[in-house]
Amino acid sequence: MDNAVEGVAGGGTAYGWSDGGLHGTNPLKGSIDPLEVPTADLVHVWCMPSTANVGPQEIPRHLEPVNLLAARNERESVQIAIRPKVSWSSSGNAGIVQIQCTDLSSTSGDRLLVGQSIMFRRVVSILGVPDALVPLDHPVSQISLIPGETTAVWVSIDVPSAQPPGQYEGEFIISAVKAESESRSQCLNRGEKHRLYTELRNCLDTVEPIEGKPLDEVVERVKSATTSLRKVLLSTFSEFFSDNGPVDMMDEDAISNLSVRVKLNLTVWDFILPATPSLPAVFGISDTVIEDRFGVEHGSDEWYEALEQHFKWLLQYKISPYFCRWGDSMRVLTYTCPWPAGHPKSDEYLSDPRLAAYAVPYNQAVSGNDAAKDYLQKEVEILRTKSHWKKAYFYLWDEPLNLEQYDSVRNMASEIHAYAPDARVLTTYYCGPSDAPLAPTPFEAFVKVPKFLRPHTQIYCTSEWVLGNREDLVKDIVSELQPESGEEWWTYVCMGPSDPHPNWHLGMRGTQHRAVMWRVWKEGGTGFLYWGANCYEKATVPSAEIRFRRGLPPGDGVLFYPGEAFSSSSQPVASLRLERILSGLQDIEYLKLYASRYGRDEGIALLEKTGVYLGPERYTLEHMPIDVMRGEIFNTCRPMHE
């Protein structure tokens, strides 16, 4: 490892942009009323692409409209950066800005709705590096700014599969507000709160005992409660109502005259990303981390609920999750569905079209009465009758190192293949067995592993770290495989490779995170594995601070965070790195479309010609080439009738 957090030592976290910031004196002095001063005089606002790491020291740039291109069933993201020029708050912060977004509308009247298709989240630093994406309220939210620091808001647009293609336009509106503009309900004194409580309680008491009462009495009670409620609303919240109904937190005129408006333009084109990802990306979720942190007992109802929440949440990232727990010497129990194959939930999980591959457990995920051997045979017999069986694989051992471990893989695989000759066994490895030299050099031994493990493994999953920057070695690996017998080549990253190679460590460049999938596509892998998405240090309360595991590069094994560590929400909080993984998986669909028209060699040529990705040490540090490549695919592959 180089630095403790890679890529952060120099402090410059926005790669690919000049440091020519916006300077100049600001004449505003003394007490400032943000309702009388244009917001642009109080804050810098500018936009950054999704591959930029926008840290607190990010230098302001000129504000330009945002132009995005997206297929249907795709997520595209952009960042809006805000930095105070002056302070207008009497408290320790610089001031509060209100942010809101309009729906995106097309000329033909189609819309992408805020809160459904458009989502904004605040970028929060982890170990000083921008990484966690904490949800903000929709459609209006308030953010407190810190003097001399840049705050970033991550804006995501999800285009539904059925969305009509076309040009969509909308605005992101930033308005400086007074701290006092928080609603009065937060500032009620004790007496007012008690009055409000009593009146609302009386309304409830009036309405609650109506079950089984005659209809005329029910009507009377509801009328009485309605009158009381209206009185409470008008007496307590009158400032929020006008003749035209409720208004936003700010006066509409103030918004139109004083706010900073960021124009959002989105081209939705007539290509639908497949519901089932073309490349299976299987990511581990530690069930023991969930059990410890959320205090759920293995096999309890709460345990099943917690696993289901994580499973469903990760599917939106085009990832095929598997749950895992580690045994002795890197033996691993992996399963995508915690329920047995005969349970109705099993079909619901495994036939979900967004799931590209699923892990079948070698032993029971939750112990029952069946003997383990019978269990495996019964599971496989049920699953083989299902149309989703083609997605199944067994992942039994992580990185076997010696003959004993390799023999364990063979024995387990033999048992599985006795019940299901067509079962796929996946083995991850970065070396041959240390006590059985397969070849004169370690790399040649690595290449010979398929010969050594055949026919006990069908998916040979190799570490990208072993390859270094020598892409030519890929041919050696692939030439050893027998695709005609159903053998596949997948890859993985974990601790290695390190900077400058593509990986998902904290502090790496945004394009470096996205390049992991460019590399997979260029090298011709047919699947990808990642060992852990929630493998932070053990904690026993959901809201505990997140600590990365000692001995691993920061961020390794952690792609999302528990929501409780940031707010009262129990929804997982995505990392910037997870969003960039999604972008990389979407890029693969674009490249696959291009290759289906013009051939794989032309797809690789486009990746290289645009400067997006040439090799593990030669890929773009800037965002522009990505847009150029996507634009080229859009222009050459779009249907003629557009």
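Visitor: Let's start with one residue. In which strand is Gln98 found?

Guide: Gln98 sits in strand E4, which covers residues 95-101. Keep in mind that we're looking at a predicted model.

Visitor: What does the side chain of Gln98 make a polar contact with?

Guide: Its partner is the side chain of Gln100, and the distance is 3.1 Å.

Visitor: Let me zoom out. How many helices and strands does the chain have?

Guide: You'll find 15 helices and 27 strands. The chain has 642 residues, and 53% of them are buried.

Visitor: How do I read contacts along the chain? What share comes from residues 24 or more positions apart?

Guide: You take the contacts with a separation of 6 or more and ask how many join residues 24 or more positions apart; here that share is 75%. Arg261 and Val45 are 216 residues apart along the chain, yet 9.2 Å separates their C-alpha atoms.

Visitor: Which side chain does Arg261 join through a polar contact?

Guide: That would be Glu171, at 2.4 Å.

Visitor: Which residues does Ile581 touch?

Guide: Leaving out residues up to four places away in sequence, Ile581 touches Phe283, Ile319, Trp504, Met517 and Leu559. Take Trp504: it is 77 residues from Ile581 along the chain, and their C-alpha atoms are 8.5 Å apart.

Visitor: Now the backbone. Which peptide bonds are cis?

Guide: For this one, you check omega. The bond from Arg454 to Pro455 is cis, with omega near 0°. Another cis bond runs from Asp499 to Pro500, with omega near 10°.

Visitor: Where are Pro455 and Pro500?

Guide: Look in the loops. Pro455 is in the loop between helix H9 (442-453) and strand E21 (459-463), while Pro500 is in the loop between strand E22 (488-492) and H12.

Visitor: What about phi? Which residues have a positive phi although they are not glycine?

Guide: Leu127 is one of them, with phi at about 50°. Lys318 is another, at about 60°. Leu127 lies in the loop between strand E7 (118-126) and strand E8 (129-135). Lys318 is in the loop between helix H5 (301-315) and strand E16 (320-326).

Visitor: Is Leu127 buried or exposed, and is Lys318 buried or exposed?

Guide: Leu127 is exposed, at 55% relative accessible area. Lys318 is buried, at 10%.

Visitor: Last topic, cavities. How many of 30 Å³ or more are there?

Guide: The count is 3. The largest cavity holds about 80 Å³ of space. Its lining has 14 residues, and those nearest its centre are Cys337, Leu350, Pro361, Glu379 and Leu383. Helix H6 (344-350), strand E18 (358-359) and helix H7 (372-383) each give two or more residues to that lining.

Visitor: How do the lining residues of the largest cavity divide into nonpolar, polar and charged?

Guide: You sort them by type: 11 are nonpolar, 2 polar and 1 charged.

Visitor: And what volume does the second largest cavity have?

Guide: About 40 Å³. Its lining residues include Glu464, Val493, Arg519 and Phe528. Helix H12, residues 510-523, gives the most to this lining, with 3 residues. By type, the lining of the second largest cavity has 6 nonpolar residues, no polar ones and 2 charged ones.

Note on methods
Residues numbered from 1 in each chain as written. Predicted model: local features only at pLDDT ≥ 70, side-chain atom pairs only at ≥ 80, totals over all residues. Heavy atoms only, no water. 1 Å grid on protein atoms, 1.4 Å probe; cavity = no way out; pocket = protein on both sides within 12 Å on 5 of 7 lines; lining within 4 Å. Points joined across faces, edges and corners; volume = space filled by probe spheres on them. Helix = DSSP H or I, 4+ residues; strand = E, 2+ residues; numbered from the N terminus. Nonpolar A, V, L, I, M, F, W, Y, C, P; charged D, E, K, R; others polar. Polar contact = N/O pair within 3.5 Å; in protein donor to acceptor, adjacent residues only side chain to side chain. Buried < 20%, exposed > 50% of the residue type's maximum accessible area, 1.4 Å probe, protein only. Contact = heavy atoms within 4.5 Å.
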